[in-house]
Amino acid sequence: MSPFPALPLWFTWAFLSAIFASASAVLGKVGLENIEADLATLIRTVVVSIFLPLLIIATGKWSNPFELSQQTWVFITLSGIASGLSSFCFFRALKQGDASLVVPIDRLSLLLVALIGFTFLGERPSATSWTGLLLIAGGGLLLSLAE
């Protein structure tokens with residue numbers, strides 16, 4: 001029996017997301033050396049548009065997207081637009097600044113997601129969670145603005 005409790009599956013996926021997001025930022029920064037940020041964003045988006053359907057098919061998760069509800073389509077479409085705008089802004093920032101300075105500001109999204117989740121989704125982080133979020137946000141600002 002392990003002395004450590006089993007991690008929830010969401011934690012594993014979130015941690016993997018953090019690993020891939022950090023790899024994306026570093027690889028993107030190197031890739032931006034001889035290209036405009038907007039074109040790099042387009043190329044990355046095309047790669048994602050090819051890679052993800054192959055991954056979904058390979059994992060057996062494909063289903064007919066036209067059977068989804070209108071509400072699902074609206075919110076996933078809006079999420080896609082927000083994601084595209086985030087990538088557009090992120091690559092422009094990476095082109096102009098160090099990855100180690102850009103990423104902490106980009107990660108202010110942690111605090112923004114908590115505030116939006118609290119306001120609109122009924123999520124109620126604990127006082128400890130709010131403290132951690134404020135420390136992360138403050139640390140990110142301090143790190144990026146100290147340069």
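Student: Is the crossing of helix 3 and helix 4 left-handed or right-handed?
Tutor: Helix 3 passes helix 4 in a right-handed crossing. A crossing is right-handed if the near helix is turned clockwise from the far one by less than a right angle, and left-handed if anticlockwise. Helices here are DSSP runs of H or I, at least four residues, numbered from the N terminus. This is a predicted model: local features need pLDDT of at least 70, side-chain atom pairs count only at pLDDT 80 or more, and totals for chains, interfaces and linings use all residues. Residues are numbered from 1 along each chain, and side-chain values use heavy atoms, without hydrogens and water.

Student: What makes helix 3 roughly antiparallel to helix 4?
Tutor: Their axes cross at roughly 150° and come within 9 Å. Angles over 145 degrees count as roughly antiparallel. Therefore helix 3 is roughly antiparallel to helix 4.

Student: Which residues of the two helices meet?
Tutor: S86, F90, A93 and L94 in helix 3 meet A99, V102, V103 and D106 in helix 4. Contact means heavy atoms within 4.5 Å. The residues of this contact divide into six nonpolar, one polar and one charged.

Student: Why is P125 called partly exposed?
Tutor: Its relative accessible area is 27%. Buried means under 20%, exposed over 50%, and partly exposed in between (1.4 Å probe, protein chains only). So P125 is partly exposed.

Student: Where is P125?
Tutor: P125 is in the loop between helix 5 (109-120) and helix 6 (127-145). Leaving aside neighbours within four places in sequence, P125 is in contact with F118 and W130.

Methods: Axes fitted to C-alpha atoms, helices over the stretch in contact; angles between N-to-C directions. Parallel < 35°, antiparallel > 145°, perpendicular 65-115°, else oblique. Nonpolar A, V, L, I, M, F, W, Y, C, P; charged D, E, K, R; others polar.
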